[in-house]
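Please read them with the structure open.

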Amino acid sequence: MRYSQLFPKTIREAPKDATAINHKLLVRGGFVDQLMAGSWTLLPLGWRVVTKITQIIREEMDAIGGQEMLMPLMHPKEIWNETGRWESASEVMYQLKDTREKEFALSFTHEEIVMDLLRKHISSYKDLPVAIYHFSTKFRNEPRATGGILRGREFLMKDLYSAHATEKDLMGFYERVSEAYLKIFKRMGFEVYVTEAAGGVFTDRQTREFQVVAEAGEDTIYVKPGTHEAYNKEVFSGNEAEFEVKRAIEVGNIFPFGDKKYAEKMKVGFTDRDGQKKLVFFASYGIGVTRLLGTAVEVFHDDKGIVWPKVIAPFQAHLVGLGAGERESGRAGEVYERLTKLGIEVLWDETERGAGEKFADADLLGIPVRLVVSEKTGDKIEWKGRNRRETELVEIEEAIARLK
RNA sequence: CGGGGUGUAGUUCAUCGGUAGAACGCUCGGUUUGGGACCGAGAGGUAGAGGGUUCAAUUCCCUCCUCCCCGACCA
């Protein structure tokens, strides 16, 4: 990608009202654009990062047997009435009418929709278990959208739903999902804790939250030093002296509903091997995809900009040509062509701007490796890790080899 | 929803009862090229909306709206 063609360009100053770091840096870098409170466009750079994040999640979901699909975002009132959530969740649910006065909800979750699918397509114990997931937009009537993209009224989420013939099978899978979630967040480089928490409008049962340690977090968790034992402040009832208090961002949540909460109300059953009609055991599992984007910026940045972990960076290398001789026809162009042909994602700043501006942009955008070609580099190329201070001069072949 | 703040050029801000100005950005020309470089020229505004006071309102008053923060709320 040539910087001259990238939409949009970086912005020098952060929006005046922005206080959250993810808000300032993502807007300045041109990763996101705000339409209104709690509502954001994922611009090309931001979408690249989201694509990386969703791919990591997809790999781990598929690895435990999840099947990806896509469900609608506009739901009929009737299906929400089946569980009573048209009323009980009305505060978070956007409800609307069409011109014929038919009532709809904009999706804030999909349990009811999945249950409807299951009762239509599941009839035997042989059809179970099932684990289905999708990435889609969630609409939530947040009384107060805040924290940049961390809490929106419209955001991307991965939600997984599983149905099982027995509670034992459900709990076994629940643990597998829990492990997969930890793997996902660790792959992204986060310090993550699993906490028990309250289920809100989703369930009366205790649920499990995945908390990434970050100052900007809205949640307070108690962590036992040297262990993975952690509790959300909401449900903590231990000896505070034995724990460390940390701020954290909730990036995932999993709910083992069992056969009562949804299956009973929506009559989702199957015939077991003993010929008996039984209800399915059900669970749902969510990861806030756009929240992870914001969380990454909150956790990985310095005073100059973002420092993306390699696995979710929008590009792997930021190539900068300095001086008139290093633009379109120069060596920078050759390096760009070679890297691109090898399938390495490169952002090439081939503009006529000054070095300072280009470097400032490279720091802001946070691509893991900065490559510079200039008079000073001679036949070689300058390599600088975004998380390093020092630069090094390496052979072009060496740089290419490292990026492969 | 309660409390606080905010709204003027694309952005960040200044101004002030007498019809608006800077910086950055943008356009054109030129000089530059290792940390947001420089010179010259230029475009760009219904001062959030509505109402009121006044000879005159961006400025004072009222209402509404926006966005941000705190709280309540929250997979």
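In what sense do strand β19 and β20 pair, and over how many bridges? The points below begin with the answer.

1. Strand β19 (residues 317-321) pairs with β20 in the parallel sense, and four bridges link the two. Two strands count as paired if DSSP finds at least two bridges between them. Within this pair, Val320 has Asp349 of β20 as its bridge partner. Helices (H or I, at least four residues) and strands (E, at least two) are DSSP runs, numbered from the N terminus.

2. The model is predicted: local features need pLDDT of at least 70, side-chain atom pairs count only at pLDDT 80 or more, and totals for chains, interfaces and linings use all residues. Residues are numbered from 1 along each chain as its sequence is written, while chains are lettered from A and ligands numbered from 1 in the order in which they are written. The mean pLDDT (the predictor's confidence in each residue, from 0 to 100) of chain A is 94, and 96% of its residues reach 70 or more. For the complex, the predictor gives an ipTM of 0.95 and a pTM of 0.96. Where pLDDT is low, the predicted coordinates should not be read in detail.

3. β19 and β20 belong to an open sheet of five strands, in the order β20-β19-β21-β22-β23, with mixed pairing. Its edge strands, β20 (346-349) and β23 (392-394), each pair on one side only. From one strand to the next, the twist averages 25 degrees. Strands of a sheet pair through backbone hydrogen bonds, either parallel or antiparallel.

4. Helix α10 (residues 355-365) lies across β19, β20 and β21 (369-373), and runs at about 175 degrees to β19. Axes are lines fitted to C-alpha atoms, for helices over the stretch in contact, and angles run from 0 to 180 degrees between N-to-C directions. Residues are in contact if their C-beta atoms, placed from the backbone, lie within 7 Å.

5. The axes of helix α2 (residues 44-63) and helix α6 (residues 167-187) come within 10 Å and cross at roughly 155 degrees. α2 is therefore roughly antiparallel to α6; angles under 35 degrees count as roughly parallel, over 145 as roughly antiparallel, 65 to 115 as roughly perpendicular and the rest as oblique. On the α2 side, the contact is made by Ile56, Ile57, Glu60, Met61 and Ala63, and on the α6 side by Ala180, Lys183, Ile184 and Arg187. This contact of α2 with α6 has six nonpolar, no polar and three charged residues. Ala, Val, Leu, Ile, Met, Phe, Trp, Tyr, Cys and Pro count as nonpolar, Asp, Glu, Lys and Arg as charged, and the others, Gly among them, as polar.

6. α2 also packs against helix α8 (residues 289-299), at an angle of about 110 degrees and with the axes 10 Å apart. These two helices, α2 and α8, are therefore roughly perpendicular to each other. Gly46, Val49, Val50, Ile53 and Thr54 of α2 meet Val289, Thr290, Leu292 and Leu293 of α8. By class, the contact of α2 with α8 has six nonpolar, three polar and no charged residues.

7. A cis peptide bond, with omega about -15 degrees, joins Phe7 and Pro8, and Pro8 lies in the segment before α1 (21-28). The bond from Leu128 to Pro129 is also cis, with omega near 0 degrees; Pro129 lies in the loop between α5 (111-121) and β7 (130-139).

Conventions. Two residues are in contact if their C-beta atoms, placed from the backbone, lie within 7 Å.
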